[in-house]
Amino acid sequence: MLKHLFYSLLITFLLLAIAEFIRPGFATNFLNINWLFLALIVSGILALTKSKKNNKLKV
Amino acid sequence: MKFKFLYLFYFIPIIIFGWLCYKNISSVLELEYKFNKNQPILSQLVPVSRVSENKDSATINSEPVYFDIKLPRKYDKAEVEINYQNLANDIFEIGVAQDETRKSFNFITLENKIFDNFSWEKIEENGLVLYQRKNRYKSINEFLINPPAFEETLAYHAEASPIKAEFLAKGKSIIDFPIKNFIKIITYSDNPEIIVDAVGEYKVNKILINKNLFKIELVGDESTIFNRIEINSLYVAILDKINFGKLQKTQDIYLAGSRFLTKVEKSYGLQEIIIKGLTRPVKESKININELFMPYTQVFANRDIKKISVSKGDIEIEGSIFFLNSKYLFYPRYEVFYGDADLSEVNYILARYVTPKEEYEVKTNTAVFDIKEIPTPYRKLRFLFSLPDSTSGDIVQINSINIRLIGEKFSIKKIFEKIYYTLITNH
């Protein structure tokens, strides 16, 4: 589940970054991208630790 | 096939992107200023040294104070609703920047205590108010058709052009002294023609203000000098400002209005300016300009015509209306009302003003600005709070600022039209 959340947030972040690059203010005028970035990092770390745990259990 | 609920996560980018698209193209954008918080689309009230903010309100200690809005798209109209209390000043205004340098603002009055305390007769029509000492006019239209004399009338954020038929007399006017950078001329003619002899680049803007009344702006850059300007009308006035180049001989110019301001930026321009009244008893005064960049202001008790003698040039003078000679006078507009204006000889004030709504000493007023043609550098729209002639201390407490921006509705057809015309004009 965390993996899918991480992927979806990553897609959102990249999409908004491209939109922001093409048209400055497109996202940052209405949204604090820092919170999105924080959620992305947290979900990434959690997804990574969970997948490591799963790998250990399999071994 | 079993649906995996985990795939719902992939709707997050679609929903966020869709919501942002809607926000960016929506024809109406509503914003609320949040005190003591950083908002990406709205800047703080600045300079911060002039404002003290808590979580519910902001108190202005010194003016002017401004804030910017980052515009996601082009809008035509801005409605700014201000809720405030404890106004210590007579006049409270909000303005929107009119040019790229954000030095010129179009102001709308939120409160004018001087007008509110008037015991004069008052006529209100479509946001315009005519205050008259004696009940001479029955409507504002009657006032515009048969206007009173320049000397006894003031205008406040309202345009009115007193016009008479004899102004169409044939002839020409020549400005044969050098003027730097730009000049704003107003002339009364059925077909104004202008011949300009200038050094440097410039453009001419001809704007029809009223029937046969034209405003001609000659806009140059820092190096432009207009050496000679010829206009096919006897009735020519120069508005607001004259930036003289170096003069060969003393130049006389005639001022209508009660305020005169002058400034010198180069040492050659340090000189003595002589001001002489034309009506009896003749009064003469001198302004000795001996400091650079220092504004010298003279406020006169009346609005009669005065002769200003400039000896050396390289000087900037400011006033309401200037004339080339005292023979062909006409008043294309009235002098502007200031908070400290002497009203003893004034009988009429035409103002654009709506009294604020009041509830338990808290007042609310809405300023509506036309922002369609306003340049917005870096896509930022600047608003400025002005409290003229205020002293420092708590001048006003602002409880809320609500902004509503209204633009054209998004249409794919218009986008294609725009692309089509861009391609055509490029080729």
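Domain bounds here come from an automatic or database domain assignment. On that basis chain B splits into domain 1 (32-114 + 358-406) and domain 2 (165-333), and the centres of these two domains, taken over C-alpha atoms, lie 34 Å apart.

A few ground rules before going further. This is a predicted model, where local features need pLDDT of at least 70, side-chain atom pairs count only at pLDDT 80 or more, and totals for chains, interfaces and linings use all residues. Residues are numbered from 1 along each chain as its sequence is written, while chains are lettered from A and ligands numbered from 1 in the order in which they are written.

## Chain B as a whole

Chain B holds four helices and 31 strands; helices (H or I, at least four residues) and strands (E, at least two) are DSSP runs, numbered from the N terminus. Along the principal axes, the C-alpha atoms of chain B fill a box of roughly 100 × 65 × 50 Å. Of the 427 residues in chain B, 31% are buried. Buried means that 20 or more other C-beta atoms lie within 10 Å of the residue's own, exposed means 12 or fewer, and partly exposed is in between, with C-beta atoms placed from the backbone.

What about contacts, meaning pairs of residues whose C-beta atoms, placed from the backbone, lie within 7 Å? In chain B, 75% of the contacts with a separation of 6 or more are between residues 24 or more positions apart.

## Sheets in chain B

Two strands count as paired if DSSP finds at least two bridges between them. One open sheet of chain B has four strands in the order 4-30-6-7, with antiparallel pairing. Strand 4 (65-70) and strand 7 (105-112) of chain B sit at the edges with a single partner strand each, so one side of each has no neighbour in the sheet. Neighbouring strands of this sheet are turned by 20° against each other on average, direction ignored; the axes behind that angle are lines fitted to C-alpha atoms, for helices over the stretch in contact, and angles run from 0 to 180 degrees between N-to-C directions.

Another open sheet of chain B has five strands in the order 8-9-27-10-26, and its pairing is mixed. Its edges are strand 8 (121-125) and strand 26 (335-336) of chain B, each pairing on one side only.

Here are some of the strand pairs, with their bridges:

| Strand pair (chain B) | Bridges | Sense |
|---|---|---|
| Strand 4 and strand 30 (residues 380-386) | six bridges | antiparallel |
| Strand 10 (residues 153-156) and strand 27 (residues 348-352) | four bridges | parallel |
| Strand 19 (residues 251-256) and strand 24 | five bridges | antiparallel |
| Strand 21 (residues 272-277) and strand 24 | four bridges | antiparallel |

Y66(B) has L384(B) in strand 30 of chain B as its bridge partner, and L154(B) has I349(B) in strand 27 of chain B.

In strand 24 of chain B, K307(B) is the bridge partner of Y254(B), while K306(B) stands opposite G277(B).

## Two residues to look up

K77(B) lies in strand 5 (residues 77-85) of chain B. K77(B) counts as partly exposed because it has 14 C-beta neighbours inside 10 Å. Leaving out residues up to four places away in sequence, K77(B) touches V368(B), F369(B), D370(B), I371(B) and I406(B). Although K77(B) and R404(B) are 327 residues apart along the chain, their C-alpha atoms are separated by 8.2 Å.

V28(B) belongs to strand 1 (residues 28-32) of chain B. With 11 C-beta neighbours inside 10 Å, V28(B) is classed as exposed. With residues up to four places away in sequence left out, V28(B) touches R404(B) and I406(B). From V28(B) to L329(B) it is 301 residues in sequence and 47 Å in space, C-alpha to C-alpha.

## The helix in chain A

Over in chain A, helix 1 (residues 2-22) has 21 residues and reaches 30 Å from its first C-alpha to its last, close to the 30 Å expected at 1.5 Å a residue. That expected span is 1.5 Å times one less than the number of residues. Buried in helix 1 of chain A are L5(A), F6(A), S8(A), L9(A), T12(A) and L16(A). Seen down the helix axis, these buried residues fall within an arc of 165°, so they line one face of helix 1 of chain A; the arc is that of the directions from the helix axis to the C-beta atoms. On the other side of helix 1 of chain A, L14(A), I18(A), F21(A) and I22(A) are exposed.

Definitions and conventions: Two residues are in contact if their C-beta atoms, placed from the backbone, lie within 7 Å.
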